[in-house]
Amino acid sequence: EIMHHNIASLRLIGDDEDNIGIGEKISSVLLGLSRVIIRKPALVTKPSKSRREHPDLAHFVTWLFESNVGRHEARCRTDAMVMFSCLAPLVAPGSSSKDWVHAKIQKDGLKSVTSIFESDFSLRDMPELTSSSLDDLTFWFTKLSTALDCYIWALEEHYITIAALNSKDAGSVLITAIQKFVVDLAIITKDHSIFDDHTPSEIERVQRCKCSVIRNLFALLNLVLSGKVGHPNSPAVAHVRASLLSAPFFKLLVMCTVSPRSIGFPTDIVAATKKTQTSSSSQSSQSSSSSSS
């Protein structure tokens, strides 16, 4: 009951920067309660009528996965992912969280998982710069960033394979959504007409959501190209690579490298990146000098 209501509180807090401290405290409570359950699973594995929200751990774990790992609120989503990975193995001793997801896929189909990651495939409703509002754009960016984060997590934990991105049974529209984003939406700047008559804070909000998509997109591609989710030359990996590594993508990559501020990345992040690059170059030069000596 306590965990359920704390997760609900994280939903309400959302990603509001003014409530970061509260969110951190709630996350700490959830982590502590998860540790208690891991040490004494017998306390919650047997059904009890006195528990109003979840009669037992199995019900709670199902709720975590189906209703929370795909949430748009980043802290809520991340905490749900961590708790699911820790608690799912306790539902059936000797199993793993991967076994739990695979059993769900075998029972309900791959689409039952991808629909959670993609907000019931609402990514299909793709915005157009000529007709969509700023709110429409922001919400779609948030959904795409969430989907990318979910797929990265699921691939890293081996809950699904990279083939899920291309499977007709999965019903995923992620690849199509990424292509739409890269070609039409990723490199719009604050000078675009869609930002006319909007306040700086509204523009910053959209740009922040867009940059979140870019970061998660790069993280997904890094995972795919690393070989950790399949051999780089396997058909499934090759298909994803060919679908995403287009001329518009490389244009986006160059702009993020050369002029990240024009894309919308915050000044402090850009400054920190340059500082890191300068430090690395300095260390490299010192190392070369030492070697020469």
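**Overall**

I counted 14 helices and 0 strands in the protein, taking helices as DSSP runs of H or I with at least four residues, strands as runs of E with at least two, numbered from the N terminus. This is a predicted model, in which local features need pLDDT of at least 70, side-chain atom pairs count only at pLDDT 80 or more, and totals for chains, interfaces and linings use all residues. Residues are numbered from 1 along each chain as its sequence is written, and side-chain values use heavy atoms, with hydrogens and water left out.

I looked up the extent: the C-alpha atoms fill a box of roughly 60 × 60 × 45 Å along the principal axes. Buried residues (under 20% relative accessible area; exposed is over 50%, partly exposed in between, with a 1.4 Å probe and protein chains only) make up 41% of the 293 residues. I then took contacts (heavy atoms within 4.5 Å) between residues at least 6 apart in sequence, and 70% of these join residues at least 24 apart.

**Helix 1**

I checked the length of helix 1, which has 12 residues and reaches 17 Å from first C-alpha to last, close to the 16 Å expected at 1.5 Å a residue. The expected span is 1.5 Å times one less than the number of residues. I found Met3, His4, Asn6, Ile7, Leu10 and Ile13 buried in helix 1. Their cover includes helix 2, helix 4 and helix 5. Just after helix 1, Gly14 has a positive phi of about 65°.

**Helix 2**

I did the length check on helix 2 (residues 20–39) too: its 20 residues should span 28 Å at 1.5 Å a residue, and the end C-alpha atoms are 29 Å apart, which agrees. I list its buried residues as Gly23, Ile26, Ser27, Leu30, Ser34 and Ile37. Seen down the axis of helix 2, these fall within an arc of 105°, so they line one face of the helix; the arc is that of the directions from the helix axis to the C-beta atoms. On the other side, Lys25 and Arg39 are exposed. What covers the buried face includes helix 1 (2–13), helix 3 (42–45), helix 4 (57–67) and helix 5 (74–91).

**Helix 5 against helix 8**

I looked at helix 5 and helix 8 (residues 134–156), whose axes come within 12 Å and cross at roughly 20°. The two helices are therefore roughly parallel, a term for angles under 35 degrees. The contact is made by Arg77, Met81, Phe84 and Ser85 of helix 5 and Thr146, Asp149, Cys150 and Trp153 of helix 8.

Notes:
Axes are lines fitted to C-alpha atoms, for helices over the stretch in contact, and angles run from 0 to 180 degrees between N-to-C directions. Angles under 35 degrees count as roughly parallel, over 145 as roughly antiparallel, 65 to 115 as roughly perpendicular and the rest as oblique.
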